[in-house]
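Here is a short note for a colleague who is opening this structure for the first time. Please keep the view open while reading the points below.

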Amino acid sequence: EYMVLSDVVQGEGGTIDKYIGDCIMAFWNAPAPDPDHAARACRAAAGCLTMLARMNPEWELLDYPHIGVKIGINSGPCFVGNLGSRDRFNYTAAGDVVNLASRLESANRRYGTACLVAGSVRDAAGDQFLFRHVDTVIVKGREAATPIYELAVGSTDREAVGLLNEARGHYERGEFYRALAVLQELMAKDTQAVRLAKLCSACIASPPGPTWTAAVSLESK
């Protein structure tokens, strides 16, 4: 797994920081500047997911266990350099931006997704990818709300993605009935649509107060 996925990451110009248990930590835009770093990180993530989807059936024929992966991507200013002591150090990235990427990786389990990216990544990566607006979260230690998106790997249904994002916009503006109307044709085939519809229905049944926001607390690491 390490060899296969590491090749994908490095093939997109990623710098592999370290292996942490079964985790690969990598970053882009250092040591050399890369103006396309957000898109390349997304391509690497899509490549890893596609590679595992292709390789798992082959590995299972050899009686190897199925291997899944969860990915979190964030973008922003952070510390990059040699970190450690005089006798032992490594070239790494650290800071709040890195911590949020780790939170997003863990949050995939909550949302049933494989790759979550922060809004900063969605904005920088451009229209060559499909992103589904999954939620808006506030993580522990941060005051600002962060929109998070699923990188829709293997999906070519731009209309369905657009409808889900439209419904999410209605929900965040408190337009719960409008959101439900948009979601009707998606719920039969989209678990995120079902989840959002349940949120809308709960708000209709028990209308929130004037200070309500759609942002939810993401406490777990």
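**Notes on the model**

1. Start in the loop between β2 and α2, where Asn29 is found. This is a predicted model, and local features are reported only at pLDDT of at least 70. Asn29 has a positive phi of about 75°, yet Asn29 is not a glycine. Most residues other than glycine have a negative phi, and most peptide bonds are trans. The peptide bond from Ala30 to Pro31 is cis, with omega near 10°. Pro31 also lies in the loop between β2 and α2 (37–61).

2. Next, the hairpin of β1 and β2. Strand β1 (residues 15–20) and strand β2 (residues 23–27) run antiparallel and are joined by five bridges. Thr15 has Phe27 of β2 opposite it. Two residues lie between the strands. In the turn, Gly21 has a positive phi of about 60°.

3. A second hairpin is built from β4 and β5, with four residues between them. Strand β4 covers residues 79–84 and strand β5 covers residues 89–94. Their pairing is antiparallel, over six bridges. Which residue of β5 is the bridge partner of Gly84? Gly84 is bridged to Phe89.

4. Now the open sheet. Five strands form it, in the order β3-β6-β8-β7-β9. The pairing is mixed. The edge strands are β3 (71–73) and β9 (216–218), and each of them pairs on one side only. On average, neighbouring strands of this sheet are turned by 40° against each other, direction ignored. Strands of a sheet pair through backbone hydrogen bonds, either parallel or antiparallel.

5. β3 and strand β6 (residues 115–118) run parallel. Three bridges join them. Ile73 stands opposite Val117 in β6.

6. How many salt bridges does a search of the whole structure find? There are 15 salt bridges in the whole structure.

7. The remaining points cover helix packing. Two packed helices are described by the angle between their axes and the distance between the axes. Take helix α5 (residues 158–172) and helix α6 (residues 176–183). Their axes come within 7 Å and cross at roughly 165°. The two helices are therefore roughly antiparallel to each other. The crossing of α5 and α6 is left-handed. From α5, the contact uses Leu163, Leu164, Glu166, Ala167, His170 and Tyr171. From α6, it uses Phe176, Arg178, Ala179, Val182 and Leu183. By type, the contact of α5 with α6 has eight nonpolar, one polar and two charged residues.

8. Helix α6 also packs on helix α7 (residues 191–205). The axes of α6 and α7 come within 9 Å and cross at roughly 150°. That angle makes α6 roughly antiparallel to α7. This crossing of α6 and α7 is left-handed. On the α6 side are Phe176, Tyr177, Ala179, Leu180 and Leu183. They meet Ala193, Leu196, Ala197, Cys200, Ser201, Cys203 and Ile204 in α7. The contact of α6 with α7 holds 11 nonpolar residues, one polar residue and no charged residue.

9. How do α5 and α7 run, parallel or antiparallel? Their axes come within 11 Å and cross at roughly 20°. α5 and α7 are therefore roughly parallel to each other. Their crossing is left-handed. Leu164, Ala167, Arg168 and Tyr171 are the α5 residues in this contact. Their partners in α7 are Gln192, Ala193, Arg195, Leu196, Leu199, Cys200 and Cys203. The residues of the contact of α5 with α7 comprise eight nonpolar, one polar and two charged.

Terms used. Residues are numbered from 1 along each chain as its sequence is written. This is a predicted model: local features need pLDDT of at least 70, side-chain atom pairs count only at pLDDT 80 or more; totals for chains, interfaces and linings use all residues. Side-chain values use heavy atoms; hydrogens and water are left out. Axes are lines fitted to C-alpha atoms, for helices over the stretch in contact, and angles run from 0 to 180 degrees between N-to-C directions. Angles under 35 degrees count as roughly parallel, over 145 as roughly antiparallel, 65 to 115 as roughly perpendicular and the rest as oblique. A crossing is left-handed if the near helix is turned anticlockwise from the far one by less than a right angle, and right-handed if clockwise. Contact means heavy atoms within 4.5 Å. Ala, Val, Leu, Ile, Met, Phe, Trp, Tyr, Cys and Pro count as nonpolar, Asp, Glu, Lys and Arg as charged, and the others, Gly among them, as polar. Two strands pair if DSSP finds at least two bridges between them. A salt bridge is a side-chain nitrogen of Lys or Arg within 4 Å of a carboxyl oxygen of Asp or Glu.
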